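Dear colleague,

A summary of the findings follows it.

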Amino acid sequence: MGEPATKDILSLDELEAAVGLRTGRKHILSILVENKPGVLTRITGLFARRGFNIDTLAVGPTDDDAVSRITLTLDGAVHPIDQVTKQLHKLVNVLKIRDLEPAETLARELAVFKVSTVDGATRAEVVQICEIFRADVVDINKRSVVVEVTGGCDKIDALEGLLRPFGLVEMARTGEIAISRGRSET
Amino acid sequence: MRAVDALMECLKAEGVDVVFGLPGGANLPTYDAFYDAGIRNILVRHEAGGGHAAEGYAKATGKVGVSLGTSGPGATNLVTPICDAMMDSVPVVFITGQVQTHLLGTDGFQEADTIGITMPIVKHSFMIQHPLELPRTIHEAFHVARSGRPGPVVVDIPSDLSRADIAYEPVQDVHLPGYQPTTTGNQKQIRLAAKALTNARRPVIYAGGGVVAANASPQLVELATVDRLPVTCTVMGLGAFPAPHQQWLGMLGMHGTRTANYAMDEADLIIAIGARFDDRITGKLSEFAPRAKFIHIDIDPAEISKNVPAHIPIVGDAANILPRLTAEYRALDPDPARLEEWWSRIRTWQERHPLRYEDSDDSEIKPQYMIKALHEATGGDAIVTSDVGQHQMWAAQYYDFPAPRRWINSGGLGTMGFGLPAAMGAKVGCPDQTVVCIAGDGSVQMNMQELATCSQEGIAIKVFIMNNHYLGMVRQWQELFWDRRYSSVDMGQWPDFVKVADAYGATGIRLTDKGTLVDDMREALQTPGPVLVDVRVTPEENVYPMISPGQAARDMVG
């Protein structure tokens, strides 16, 4: 039970509250869940009911068949992250939640952009931009190209911004998946 | 054996001696198994009645209640009790029938997505996918329902799977890797809390239903009486601290005592135990207890700092934490003299602002007097259930509860029609105790059909209807906040409750005279079998005092 109680003065004024923190930054939650029917619904339902907005969501298998990983990003400026994670922890099928530290995290997203190219010159310009971003042209015809790129969401945002003026026919993004750097488990 | 026979073995292994439910197509196999399982199954008249009965049973006994319904409408009728059990943390396992697996997703007859519909209102739920899963799942359901912060668990069983033949092996343990509630409080935090208490000059203990759920009332009393910490309880916590008591401030919140609310308002340290800072407690959140620091003890970490930031959070079981906090606090040898000033302020409020009402000077029965009379007639010793509304608040104010699990009401969801079936469940669980339901004339009609169940099963509950022929609380709000525009609140003179009682095989009594009320109530209580008492009270009486919606506690009116 630890050391015996001491009677030092403790002023109530010294006590500080653990407020529901709004951190003001994007958070990546890596959530390990039991691979069972309805688990994703429980998580998205919880977010809907508590008024939390999911920015991106990616679900996939892990090395263990019985476990899936959900990578979910949300805005810490709008949501008290500790309340979000505590509510998630109450779900019986949720095994583990990590609120990943940006500096210690590798986060990647896959995006595909279909860009309108009216002539050879525009096409060349698009291809040149893609090279800088290490994006691959995966489909091409007279009037458009399809570009595939992976990276952090900032990089993808930047590429999107550059491609948009050419005429972005459509795009699809997977949402980020993430893993921690170094030897330790995410 | 059939999966449903294994289900019976599991229920028996969990100590289940009674279930409340209604059979239908999809749970025919389950009811067939009940036929010779040796478990009492009480046939309710509506699944909602069965669900609330299971809640009443659980709240009165502290055991897990069990409620059954068939697929589709049987399950949707259980939605209200499930949600009610969620809001008030009541351990109930709901077992629903489901259509056969080959019909799932085809909009089959009586098919409803029970798991989907109930997902936001359960602690957890299970859909049986394979008959072999059934035994383990049942034990997991009971484990989740009763442990940690208790709550409702739904088990949905497709009828073909429930008939399947399985090799049954008793299950010895449950394995839920994602479910490990924290029960042991952090010692450093407990020590810090003891120190803060020692240094507080205006402390208040604010205890909720969690103290009752944790069976931690004796430990609460012990902490409070190390020196003289003032105690208030939420509507869910009433009885957790014995009333009356020198240190008892009365209930707090919207219709709490002025003393309790003023004490919260001026406190420098509030010790919240198993309470969740509901809006009916805090009033205007930004002006709630503005001078206070908060110790928050709760088994659910998500309650900490949800509404009100905690300065010293302690996650765990109150029955584990309170004795350790008491020991630490006692070891610090707190100086009781520091509370003198605080107590003299509290005594001033108590003298100046007792609960009060204007009694009639003729035979008219004031609703507040009705509760006092019932307290007298029962010797203050009954298990009391209630519906929701004015009668509930008056019961909470005027019936002093000397012990926990004596006051059973729907606090969080505020479910009309809760009281009568809850009384039925409580009486089944505690057959030797007097079980009384204080009902509203509006509320009682929502589950009155269970009187038939009571007659058939010989469940001798005594229902006292506070009959003002209004939806009284709504009428009060219309009077106070909507310019007396009484819209859809007048229930008229229907039904004739004495005739209703008669039709259901219960005894019906009408009481209209204040002069003989206590004696008449005694007689009703002594009448064998279920009794329905129609007590005619002042139609337009308001519940006071009151924190008006969106206002601060210090601005109480009435």
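Of the 558 residues in chain B, 57% are buried. Please note that the model is a predicted one.

Chain B contains 22 helices and 18 strands. Its C-alpha atoms fill a box of roughly 70 × 60 × 40 Å along the principal axes. The radius of gyration of chain B is 24 Å, which agrees with the value near 24 Å that a compact globule of 558 residues would have. As for the contacts in chain B between residues at least 6 apart in sequence, 76% of them join residues at least 24 apart.

One element illustrates the burial in detail. Helix 18 of chain B, residues 419–429, is mostly covered, with eleven of its eleven residues buried. Among them are the glycines B:G419, B:G425 and B:G429, and the buried residues of this helix also include B:P421, B:M424 and B:K427.

Turning to the interface, 32 residues of chain B are in contact with 29 residues of chain A. On the side of chain B that touches chain A, the elements giving two or more residues are strand 5 (124–127), helix 9 (187–199), strand 12 (312–315) and helix 14 (318–331) of chain B. Helix 9 of chain B gives the most to this side, with six residues. By class, the side of chain B that touches chain A comprises 20 nonpolar, six polar and six charged residues.

Yours sincerely

Notes:
Residues numbered from 1 in each chain as written. Chains lettered and ligands numbered in written order. Predicted model: local features only at pLDDT ≥ 70, side-chain atom pairs only at ≥ 80, totals over all residues. Buried ≥ 20, exposed ≤ 12 C-beta atoms within 10 Å, placed from the backbone. Helix = DSSP H or I, 4+ residues; strand = E, 2+ residues; numbered from the N terminus. Contact = placed C-beta atoms within 7 Å. Nonpolar A, V, L, I, M, F, W, Y, C, P; charged D, E, K, R; others polar. Rg over C-alpha atoms; globule rule 2.2 N^0.38 Å.
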